[in-house]
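Student: Could you walk me through this structure? I have not looked at it before and would like to start with the overall picture.

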Amino acid sequence: MPSPITRQYSTEVQEVTRNRFEHARATDEVEQATNVIPAHETPDTFRRKFSLKYVPKGLKQDKGLLQRTRMQELEKNTQWAYLRHQYPKSELATVRKRFSKWKAAIRRLNADRDSAVLPIEDQGKWLHDLSDVALMREAWEATSIESRQNTWPEVMLATLRWCPGKANMVLEATMNPLPPGYAIHDVLRFIAQNLQLHTIKNINDRASMADEVLALLAHILEDTPKDHVPVQQSTLGLYAKRLPASQAKALYDILEKNDFKLHKNTSLQFAQRFAGEAAYKNAAYEILRAMVENGATLNDAASASTVTTLLHCKTLSAGWSPQVENFPATAALQFFMEHGFTPNTITLTAVLDSLCQQGQTEEAIRLALLFAESGVPLDGKTWTTVFAGAKASLKVENVSKALMVAKVAPVPYESVLSNALHAVFYFADAETRRKREKAPWSIPIFRPMLKVYAKKLELKSLQWWLPDSLPLLLSDEGVDTEMDDKFRDPLDRQWDFIHTILPVADKLFAADGDDGEGKLQPTSTADGVMLRAYIRSLSRPQDILSFYKFFRSRLEEQSKYPSLLLRNQGAMVHDTFILVMTEHQELWREALHVFGDMLKDSLRISSAANKDAASYRAAELGSKVVEPDVFNAAVETAAAAPVHPAPTVFTLTVLLRGLLYQGETALVAQMMQVMRELDIEPNLVTWNTLIRHHALAQSTRTTVTLLQEMEAAGVKPDMYTYNAFNKLRDQDKALKMMQAIVDENRRSIVAGGTV
């Protein structure tokens with residue numbers, strides 16, 4: 001009987017794979033970087049090369065600093081070599097003096113040392129204190145041309161030192177008369193080095209700032225005389241890295257339009273920036289394709305990393321955003337391999353994840369087996385990626401095939417068993433959503449899973465967590481009627497997972513594994529899944545509350561099990577308690593107490609160095625919630641060791657969902673404030689949960705406000721957002737309100753830019 005992983009190479013990509021790994025030689029690219037200090041270059045050699053009087057002690061001891069200084073000297077000498085031919089001999093001495101003075105000032109500014117010679121704030125304050133470029137330009141051009149030429153360096157240096165956030169505005173406003181090109185470039189590089197757009201939370205403000213910087217670059221690249229500004233490749237690479245993808249793409253187009261020749265490393269920086277954005281993956285591919293056609297194999301570390309990013313495609317959901325076609329990752333991989341690229345395990349995992357997210361799980365499994373047979377080493381991450389895709393497909397046959405991949409990957413047998421258990425849990429949970437069952441969503445899943453678990457894994461660790469006797473639970477129903485009632489489905493529903501995924505897991509556990517004799521020690525992942533299954537199986541409120549009290553007491557014990565569970569599972573078990581409790585009218589307040597247990601430990605950890613701050617913050621948060629007693633223990637137990645995990649955005653989302661289900665809208669607003677206090681940013685699921693609730697309640701204004709806040713936070717809507725919005729009956733009114741807000745924002749921007 002043939003091996004289960006034997007495959008026929010019937011498609012083109014398979015043939016390429018086979019040829020690449022079975023017959024072709026790796027042709028790694030070897031390129032000598034121009035910015036590396038030669039091994040033979042000593043500090044004294046460096047001093048003589050650049051005609052320096054001496055080499056400071058710091059340079060002798062710090063090779064990195066020596067290299068940066070070397071590059072600065074190379075750049076300085078190159079710029080002066082060009083500059084000296086642009087002026088008559090009679091002016092060279094004056095030009096050289098200004099050039100050297102500017103370079104020395106920039107070097108001191110970058111080093112932020114010797115404050116006595118740094119520019120005085122008043123030299124630029126009269127300009128950078130103005131609110132916009134138009135006002136700055138008017139004030140600048142109100143002075144004489146001679147005055148502008150003489151004061152520009154001091155004004156610009158003072159701005160860089162005392163108001164760096166407005167450096168781009170001041171440079172844009174002071175381009176008449178044209179400053180020296182080398183100085184313009186140094187300012188551009190300073191702006192790039194200090195461009196921290198990710199710190200701006202509001203997406204509109206972030207985009208506005210990026211557009212201002214792009215407009216400045218466009219002005220300098222397109223409107224200044226050719227070669228006046230000696231733009232360095234490293235500076236362009238910085239902008240490619242720091243600008244958002246849309247502005248980086250616009251900059252790249254400007255450079256191409258003006259026939260600006262980019263170095264390979266600079267092109268790679270742009271490709272890396274585009275590769276991570278679905279809308280610009282084709283642009284990244286074209287850059288890499290051009291590099292390949294020029295002889296590159298992309299096997300060096302930086303290029304391979306860019307290829308991996310390019311081939312990793314996230315799911316694109318239908319919604320309001322312009323639709324972008326899925327990037328053909330496998331076709332791109334085929335092209336690169338045909339031209340000498342050798343994918344590593346990380347690249348392969350990225351491709352497989354892309355296929356899974358695009359719903360091509362069977363293709364991902366087939367390629368994983370193919371690459372394994374062709375000699376590409378798989379790892380645990382590769383297998384978990386494929387198995388996660390198989391679970392998400394909710395197709396039993398895909399899960400069975402994904403288990404085959406584990407046979408050709410170095411995956412611990414215990415990990416395979418844990419994932420199989422989670423597959424059962426995942427299928428059962430998805431079944432409740434698919435059938436639109438009404439709350440409470442209890443699932444009779446624990447006892448069937450326990451019978452599978454016990455076939456291969458020791459019961460000791462799981463028994464430690466549970467108040468019930470596991471041997472008794474493993475016996476047939478009817479032995480203990482109280483136990484039967486505790487885990488019985490009160491609605492006596494028929495469940496598909498019993499006949500679909502459970503037999504697959506049962507077969508895996510029944511088969512001989514790596515340790516044919518004796519049972520294995522379960523991982524904390526397996527125990528975590530079983531604990532969540534136990535909680536979801538409880539339908540009676542008193543059983544849920546009783547088990548949480550038992551679970552909390554176990555967490556407080558000095559044992560290895562709590563630390564292992566929390567390190568591996570994080571907040572997932574606590575989140576399950578909150579989920580189940582908020583489904584019951586009698587327990588939603590208890591869910592707040594679970595959250596309070598998590599919160600008090602979180603505050604204690606975050607303020608370990610300042611207990612007074614912890615007390616203040618706990619009291620402040622407690623005053624904002626209807627149930628203040630939830631937070632009282634935060635102050636009283638500040639010195640105790642933490643036993644509960646910190647709440648996550650998923651924790652807050654589950655709690656918000658439950659409170660909305662129970663009609664506690666006032667508490668929802670207070671919990672959103674708690675999220676802000678904890679610096680937890682709402683994710684897409686959080687926003688969709690809130691938007692759907694208010695849309696169902698026909699609260700048009702609140703729905704529109706939430707949509708605007710979601711956009712301002714930089715979270716893109718998806719099809720669930722779109723479906724939630726569709727719950728509004730008066731959608732025309734909502735759209736008009738949204739347009740009115742957009743128009744008002746536009747008027748504010750225009751008014752702010754009016755002279």
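Student: How many helices and strands are there in the protein chain?

Tutor: This is a predicted model, and in it the protein chain has 40 helices and 0 strands. The chain has 755 residues, of which 45% count as buried. Among the contacts with a separation of 6 or more, 74% are between residues 24 or more positions apart.

Student: OK, now the inside. Which residues touch the most other members of the largest nonpolar core?

Tutor: That core holds 203 residues, and the ones touching the most other members are Leu 171, Leu 243, Phe 336, Leu 421, Phe 446 and Phe 551. Helix α22, residues 413–434, gives the most to this core, with 10 residues. As general background, nonpolar side chains tend to be buried together in soluble globular proteins.

Student: Pick Phe 336, then. What is it in contact with, leaving aside neighbours within four places in sequence?

Tutor: With those neighbours left aside, Phe 336 is in contact with Tyr 285, Leu 288, Arg 289, Val 292, Leu 298, Val 307, Leu 310 and Phe 341. One of these, Leu 298, has a positive phi of about 65° although it is not a glycine. Leu 298 lies in the loop between α15 (281–293) and α16 (301–311).

Student: Is Leu 298 buried or exposed?

Tutor: Leu 298 counts as buried because its relative accessible area is 0%, and the cut-off for buried is under 20%.

Student: And where does Asp 492 sit?

Tutor: Asp 492 is in the loop between α26 (481–487) and α27 (501–510), and it has a positive phi of about 55° although it is not a glycine. Asp 492 has 63% relative accessibility, so it counts as exposed.

Student: Switching to peptide bonds, which residues does a cis peptide bond join?

Tutor: A cis peptide bond joins Asn 176 and Pro 177, with omega about -5°. Pro 177 is placed in the loop between α9 (167–173) and α10 (181–193).

Student: Aromatics next. How many aromatic pairs does the count come to?

Tutor: The count comes to 25 aromatic pairs. One of them is the tilted pair of Phe 270 and Phe 274, at 6.1 Å centre to centre and 45° between the planes. Because Phe 270 and Phe 274 are 4 residues apart in helix α14 (residues 264–275), they are separated by about one helical turn. Both Phe 270 and Phe 274 are buried.

Student: What about Phe 547 and Phe 551, how far apart are their ring centres?

Tutor: The ring centres of Phe 547 and Phe 551 are 6.3 Å apart and the planes are at 50°, so this pair is tilted. Phe 547 and Phe 551 both lie in helix α29 (residues 541–555), 4 residues apart, about one turn of the helix, and both are buried. They also belong to one aromatic cluster, formed by Phe 446, Trp 464, Trp 465, Phe 487, Tyr 534, Phe 547, Tyr 548, Phe 551, Tyr 561 and Phe 577.

Student: Which charged end sits over the ring of Trp 464?

Tutor: The charged end of Arg 554 sits over the ring of Trp 464, 4.4 Å from its centre. Elsewhere, the charged end of Arg 161 sits over the ring of Trp 162, 4.5 Å from its centre.

Student: Last one: how many disulfides are found in the whole structure?

Tutor: A search of the whole structure finds 0 disulfides. As for individual cysteines, Cys 163 counts as buried at 18% relative accessibility, and Cys 313 is buried with a relative accessible area of 4%.

Note on methods
Residues are numbered from 1 along each chain as its sequence is written. This is a predicted model: local features need pLDDT of at least 70, side-chain atom pairs count only at pLDDT 80 or more; totals for chains, interfaces and linings use all residues. Side-chain values use heavy atoms; hydrogens and water are left out. A nonpolar core is a set of buried Ala, Val, Leu, Ile, Met, Phe, Trp, Tyr and Cys residues joined through side-chain atoms within 4.5 Å. Buried means under 20% relative accessible area, exposed over 50%, partly exposed in between (1.4 Å probe, protein chains only). Helices (H or I, at least four residues) and strands (E, at least two) are DSSP runs, numbered from the N terminus. Contact means heavy atoms within 4.5 Å. A disulfide is a pair of cysteine sulfur atoms within 2.5 Å. Rings of Phe, Tyr and Trp (its six-membered ring) pair if their centres lie within 6.5 Å; planes under 30 degrees apart count as stacked, over 60 as edge-to-face and the rest as tilted. A charge sits over a ring if NZ of Lys or CZ of Arg is within 6 Å of the ring centre and within 35 degrees of the ring normal.
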